[in-house]
Amino acid sequence: MTNPIVDIEKAKVILVIGSNTTENHPVISSYIKRAVKFKGAKLIVIDPRKIKLTLFSEKWLRPLPGTNVAWINGLIHVIIKEKLFDAEFIKKRTIDFDKLEKSIEKFTPDYVESITGIKKEDLIEVARLYAQAKPGTILYCMGITQHTSGTDNVKSLANLAMLCGNLGIEGGGVNPLRGQNNVQGACDMGGLPNVFTGYQAVTDPNIKTRIEKTWNVKGLSIKPGLTATEMIPAAGEGHIKSLYIMGENPLVSDPDITHVEKCFKALDFLVVQDIFITETAQMADVILPATCFAEKEGTFTNTERRVQRVRKAVHAPGKALGDWEIICRLSTHMGVPLTYQNSREIMDEIAMVTPSYRGITYERLETENLHWPCPDLKHPGTPVLHKDTFPHGKGVFHGIDYIPSTEKTNKTYPLLLTTGRVLYHYHTGTMTMQTQGLNEMSPECFIEITPEDAGTYNIMDGEMIQITSKRGSVQAIAKFSPKAVNGTVFMPFHFAKAAANKLTSTKLDPVSKIPELKVCAVKLNRIKIDA
Amino acid sequence: MKNNKSITINGNQFSFRPEDTILEVAQRNGIFIPTLCHLKGTTPTGACRVCMVEVKGARSLVASCAAPAMDGMDVQTESSDVIRSRKLTISLLLSSGHHDCLLCPATGDCVLQQLAYRYKVSGTQFEASNARYPLENVNPFIIRDFSKCVLCGRCVQACNDIQVNNAIDLGYRGSAAKVVTAGDRSLKDSDCVFCGECIQACPVGALYPKDALNKPRYGETQKIRTTCSYCGVGCQMHLHVKDNLVQKVTGVDTAPNNGSLCVKGRFGYDFIASKDRLTTPLIRKKGKFCDASWDEALTLVAKKFTQIQKKHGSDSIGVLTSARITNEDNYIAQKFTRAILKTNNIDHCARL
Ligand code: SF4
Ligand code: SF4
Ligand code: SF4
Ligand code: FES
């Protein structure tokens, strides 16, 4: 997030895009609801589903899945044509405004309506709402990133925020809500194929030399590695021979899992390190028992870049060990001892090699709230990014064209399936499904459908049905829901037994390599019961 | 600029901010005024009358949680009138329900109990009235014991003004008053999402987690502050621990969550002590997983990685680190991948 969570209550207008916040980030949703109920903020929800937040919203726009760039460009079009933009901000802080102007020329409200299904009056109204109330914040989630055009979507949102001068100010910003507890931290720590910690490029020879010195090693690779979504197919093709997987369960969470399974089978050697025998672990050659958050010391970095302590409360079961301890021992077995007394020592090394974490220590975290960048021990941290300048000086507008999703409905697969999460479960359910109460509230996989669509296919509420895409087929209970809209069905991806990701597509966004989990054409069938 | 406005509390002068209540000035200066219904972050309702103080010149006692501080005010927080009124309020509260502290899960953590002790009110002065409404436990998470409810309204404010789930409200009138959901249905059939904010707000034992009766009570457990391991909000929480088990989870009143949690963070901790947890390294032998020592398992992994590295090159191995584990874990994972495996094939599932 460019801005801290508390800023939400300072905003006059809040755009929530592709985020079912009340279920996925419940505590953030309270900030949104309080802003509306007590602070007079105007909420605009843009989502294909009629999510709970629409009860609080001034406007709800329902774009066809996969058409985000089109409506964002549409908003920009209206704001420019009606001269509602922040001319001073654009002049002082940005470049390439002309490129943006050119690229949005064709996105007239009529044209946008024809692509997205959003009525032109609604588009114009929302454009005015966002542009005329400052500060305005944009909150978005997987609904924006899990498309083949995910990177474009995010850039388009940055265009929109810059256009209205909503960056670098309290209550503004472009704010991704991270799904998992430490997505931010995993990225910050260099758990990415192209960067070391703090987003330092592996291809930069100076950085490489500096890190080699600190680590006291030679010959670090300057070739960017493969992303997770590339590694798995590479295993299938025989380029990757061995995978070491920690705390992940790609056999439920990844798209097209029938294919993932095939790829894993092709591996010479699979190591899985986890707290449970997950679906993925069942395919491993070696399973290493790790500790969970309540058994370890360390830090997580939350979605607003705040580094927070994790503390040991109970002892680990049996022989389970902390993840870093296991890796260090393994390294020693490979002939290169990695030794640390404790997690604090590791944090000190992180601070040493990472400019944006340099001022962060366990001592300070006892009493201070630190958002990175925090470049030195005196620095108070940076809750709001881009206050005076952008990372490269000026903010750059990107002209972005709308590219239609390749996944389309047709006669055989007439409905669009979107996938996501429910309140009572988390990711692949390995943790939440251990709590009986959570299972009671959300016992099994379902597919959300409107009564009208159900009528077309003769489906009854509560009936077990077969859902089929080009890639596979699963069964789930049909659930008539006020959240659903005609033509679109929704399934949560938590449930291994009815894994929605048997249906989804592996098509990747060309830059971010995020698979298109949000759009998938399916058909529904009643299950024939042989009497 | 000098601010000349001041208020006197128990004979000492204090300056104050324009929006301050008497209670806020007192709390900031370390002067204790008991409260029961007042819930931080919400508009005072003045329902319980426990926070009454004496203001010189005022005709009656004043609810300090709702009364704005004013220039020249002269306040007494423990005068004999105040104490008399407080004792009466407390004893009425005690007699309004079935306050059997011996068997109450809130013992030790109950504001009413603390007040009774501080002001030496025994609870026998009025006869306890019979519970009008039966206990509700037909949902997976929360027990509502109406016989202990003092109708302070904090749960209602927690639900409506903090979490804004609008699931409960004060219903019925007079002696029939009750905290109700829409249509007075059970929580399970209401808009309740089991965030448990109301449990944390309840000053007595009228709302508690379903399993609380079989768990150690306040004072028997040790609180450890940590960060929720589910979503990216990173709520700050206390794990209440006894016998190497997490017994309860509560929200910490600090950023980013200011005490709030959601149903997963508050109730989804059973996995920690689950019987299904992995407790030993496992090696697949002839298709079956066999227990192994760390030495055995890591020797095998080290040998295989080295072989594969030699035979197929460094880029033939890949590491998937995790958005679930700590920064320190991730740092070591990428250091190992880059420095020892000599490849940049490392990623995690942020993309998913
Ligand atoms: S658990 Fe949460 S939603 Fe349910 S009544 Fe309590 S505060 Fe409201
Ligand atoms: S249930 Fe608890 S918080 Fe709610 S009104 Fe009764 S005593 Fe107050
Ligand atoms: S308590 Fe709920 S909202 Fe808070 S971090 Fe945990 S999962 Fe997220
Ligand atoms: S705390 Fe002031 S009236 Fe209850």
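Residues are numbered from 1 along each chain as its sequence is written, while chains are lettered from A and ligands numbered from 1 in the order in which they are written. Because the model is predicted, local features need pLDDT of at least 70 and side-chain atom pairs count only at pLDDT 80 or more, whereas totals for chains, interfaces and linings use all residues, and side-chain values use heavy atoms, with hydrogens and water left out.

Chain A is assigned domain 1 (5-177), domain 2 (183-223 + 273-371) and domain 3 (415-526), with bounds that come from an automatic or database domain assignment. The centres of domain 2 of chain A and domain 3 of chain A, taken over C-alpha atoms, are 34 Å apart, and the contact between them (heavy atoms within 4.5 Å) takes 4 residues from each of these domains. Domain 2 and domain 3 of chain A bury about 320 Å² between them, with carbon and sulfur atoms giving 78% of this area; buried area is the accessible area (1.4 Å probe) that two parts lose on being put together, summed over both. On the side of domain 2, A:Phe276, A:Thr278 and A:Glu279 supply 84% of the area buried against domain 3, more than any other three residues. Between these two domains the count of salt bridges is 0, where a salt bridge is a side-chain nitrogen of Lys or Arg within 4 Å of a carboxyl oxygen of Asp or Glu.

Turning to the two chains, 153 residues of chain A are in contact with 111 residues of chain B. Together chain A and chain B bury about 11100 Å², of which 64% lies on carbon and sulfur atoms, and in chain A the residues that lose the most area to chain B are A:Val27, A:Phe293 and A:Met334, which together make up 6% of what that side buries. There are 5 salt bridges between chain A and chain B, and A:Lys223 forms a salt bridge with B:Asp315, the closest N and O atoms being 2.8 Å apart.

Finally, ligand 1 is surrounded by residues of chain B that include B:Cys159, B:Cys192, B:Cys195, B:Cys198 and B:Glu197, a residue being near if one of its heavy atoms lies within 4 Å. By class, this shell has 8 nonpolar, 2 polar and 1 charged residues, where Ala, Val, Leu, Ile, Met, Phe, Trp, Tyr, Cys and Pro count as nonpolar, Asp, Glu, Lys and Arg as charged, and the others, Gly among them, as polar.
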